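The exercises below go through one structure step by step. Each begins with a task and is followed by a worked solution.

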Amino acid sequence: MKTRRIETEMRPEAEQLAKLLRSGLELRWPLRLSPAHEPGPFPPGGSVRAFLTPYADGLNHRLTCRRPFRDRLVRWARYLVRAVITPWLRVQSHFNFAAISVVEQLEQRICALEDAERALRQKIEEQEKTLREKA
Amino acid sequence: MHLLIDGQALQTLSSRQRGIGRYAGNFLRGLAAVRPNWRIEVVQNSALTPIATDNLHGWPVLAFQPPQPLHPDYHEINDRYYADWLTAQGADGVLVPSYCEGWDAILPSFCGPRPRLFAIVHDLIPLLYPEQYLPDLEAVRWYAQRFRQLLQCDALLANSEATAHDVRMLGGSDAPRVVNIGGAADPLFAPLSPGAFAVHAREIRKRFGLQREFLLYVGAPDYRKNLHGVLRAFAALPSRYRAALDLAVVCRMKPDERAAIETMARQTGVASALYLINSANDEELRTLYMTCRIFFFPSLYEGLGLPVLEALHCGAPVVTSDRSSLPEYAGPYSWLCDPTSPQAMAQALQQALAEPREAHRRQRQQFARTFSWQKTAERACAVMERISKKCIQPRPRRRRLAWVMPLMGNTHSLTEYAAELLPLLAEHFDIEVIAAGSLLHVPQTLSRSYLILTAREVPARHAALPYDMFVYQFGPLPVPPEMLDLLQRFPGLVVRHDFSAPDFRRLAAACAARIDRAILGSEQSDGLWRGFAVRCLADCADKNEAILSSWAALRVRGQQHVAARQTRPFSSGSESVTVL
């Protein structure tokens, strides 16, 4: 019957979210829904731009290699290949950013439509209520 | 001490009928008892249900009329206006008993000099379980706003050590001081006399159909209350226990939630022993606590966990979770278990069932009595007095610039220009780049050195860490509409560029001097507040000049009060100040 004092486990997600909220960057929080709320794997909830930007810029993507000796060759090969395909990467990156903007605009338009639908529903409900009261 | 208490925790639908409202009401009672000579006024939001008279203890009520309707669209203007209204009352301090209220409440959002601000923190549950409690962006935005407002306070009063620990961990390095003031059970839960108890117990058993011994759970259907865990733990008990026991669940549920629980009870094979009680008043609850064989409360997280204290007050054996504040309030005569493991919960229940109900009853009640509202209020008062005496100077910080520029595929010249100029300006200011344009393309030269924000992110960022000046870069190309929109909402300096081979060092020096002058002018004219006010009004559907003029008058009055307070010595108004 001993009382155990267990500190709250601070999940890294909580710390990350708290940091974003404190700094006013809450739109960068990639919403993670519980399985019960999960609508599907894509599109992700939250900011589309924050979700996609890390994958968009093929041209400036950092080529990292942590192991020192064996992978040096691999790293040089990567640099070489990237130098060769740079013109295509540039086009691809530009296309990626354009695509993000389009998706973002679509998302905004969907939000606006949903808002309009909500307002319309509310109006209908109010009118129904007024009619019922009159009746 | 002249203290204003925000009364909305006793008014909103989300708090007044729940634990937070109960906590606030009892806390005020304790405060009235321990500081009878303080000048206390309760602020009532006129747009909400009035505060019940028994919560007021004879204190005068100040009615605050929000300038705009209680709607998410107007929350910023209401919150900022409320802050200036509170400052204009000329009090020494403002106490907010609950900052995490919904959009129907108005919570002060201060800008500039203000009275000392204190708040009671009940928990940070949405931050700890965002998947469950922040399901969409609107919820995230709402909570972000409330969390930032909370961190504005001069001191935070936590209802448990667990809550204080969470605030220290998640509040960041600039978080205000957090002190655990604790809490207690409502005095209504004092045990009944044996004669009265016998009558009540008979009635209760008849009313709810509870003929056998039963385990009692009191909670809600939301995730952290772990009602599913309760059913699983009961199902995991050996059959000899289940044959002799029922499970009474006091929980207000919607029909679909009730149906889901009943389905789960059938699936786990406990349906025949399950008694769902939709609501019970305090009298009934007290009798249920006194009648139950065990009070079982395996919640995943509680800021305070009032039901545990209530059950202990009534002498019930308690089996609860080993998480959050529950070990603090369960005491040494309760059983703790892992709320995520049905086997561990069942094992703890068996241990509790192995002991006669009345063993350690007196010790449990004695432990519950160590918590009292007077002690809680005394701790809070000591903190408020100490902080009010302190002279808090704003920390010196570097001035912040929002560098607004179009960043698109065709703005290379402007980008290169910024890449040359910004490192020189960064010697004087902290700079963040606001990118405008429909096809954003952020070059690495900028993204490596500066935080790049989109126009949508600016209001929240500016509210969290205000910019001292917005500097708009206009090039030869057409200006993106987002940039014009920003300029309208956040007025600042506009730069028309001439790219003809400038000497960047000289240009940066001239630019920094001009920005310095602009910031000085803005500070002298209370520009940060004016910017917020203009933006709040711009967001209102019905712009109203009358609001702005009355608001400006309030602001001036408030600033005069703050200035006068700084010149006179602080008097706590109490005979002794307890040092914690």
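**Exercise 1. Find the bridge partner of B:Val250 in β10(B), then place the strands in their sheet.**

Step 1. B:Val250 has B:Ile277 of β10(B) as its bridge partner. Strands here are DSSP runs of E with at least two residues, helices are runs of H or I with at least four, and both are numbered from the N terminus.

Step 2. β9 (residues 245-251) of chain B pairs with β10(B) in the parallel sense, over four bridges. Two strands pair if DSSP finds at least two bridges between them.

Step 3. The open sheet has six strands in the order β10-β9-β8-β11-β12-β13 (chain B), with parallel pairing. Because β10 (274-277) and β13 (335-337) of chain B each have a single partner strand, they stand at the edges, and one side of each lacks a neighbour in the sheet. On average, neighbouring strands of this sheet are turned by 20 degrees against each other, direction ignored.

The model is predicted: local features need pLDDT of at least 70 and side-chain atom pairs pLDDT 80 or more, while totals for chains, interfaces and linings use all residues. Residues are numbered from 1 along each chain as its sequence is written, with chains lettered from A and ligands numbered from 1 in the order in which they are written.

**Exercise 2. Describe how domain 1 of chain B meets domain 2 of chain B.**

Step 1. The domain assignment, which is automatic or from a database, gives chain B domain 1 (2-180), domain 2 (189-370) and domain 3 (400-534).

Step 2. 13 residues of domain 1 of chain B are in contact with nine residues of domain 2 of chain B; contact requires C-beta atoms, placed from the backbone, within 7 Å.

Step 3. On the domain 1 side, α2 (19-34), α4 (125-128) and α7 (161-170) of chain B give two or more residues. The largest share, three residues, comes from α7(B).

**Exercise 3. Determine how α2(B) and α17(B) cross.**

Step 1. The axes of α2(B) and α17 (residues 373-389) of chain B come within 8 Å and cross at roughly 75 degrees. Axes are lines fitted to C-alpha atoms, for helices over the stretch in contact, and angles run from 0 to 180 degrees between N-to-C directions.

Step 2. α2(B) is therefore roughly perpendicular to α17(B), a term for angles of 65 to 115 degrees.

Step 3. Among the contact residues are B:Phe27 and B:Leu31 of α2(B) and B:Trp373 and B:Cys381 of α17(B).

Definitions and conventions:
Contact = placed C-beta atoms within 7 Å. Parallel < 35°, antiparallel > 145°, perpendicular 65-115°, else oblique.
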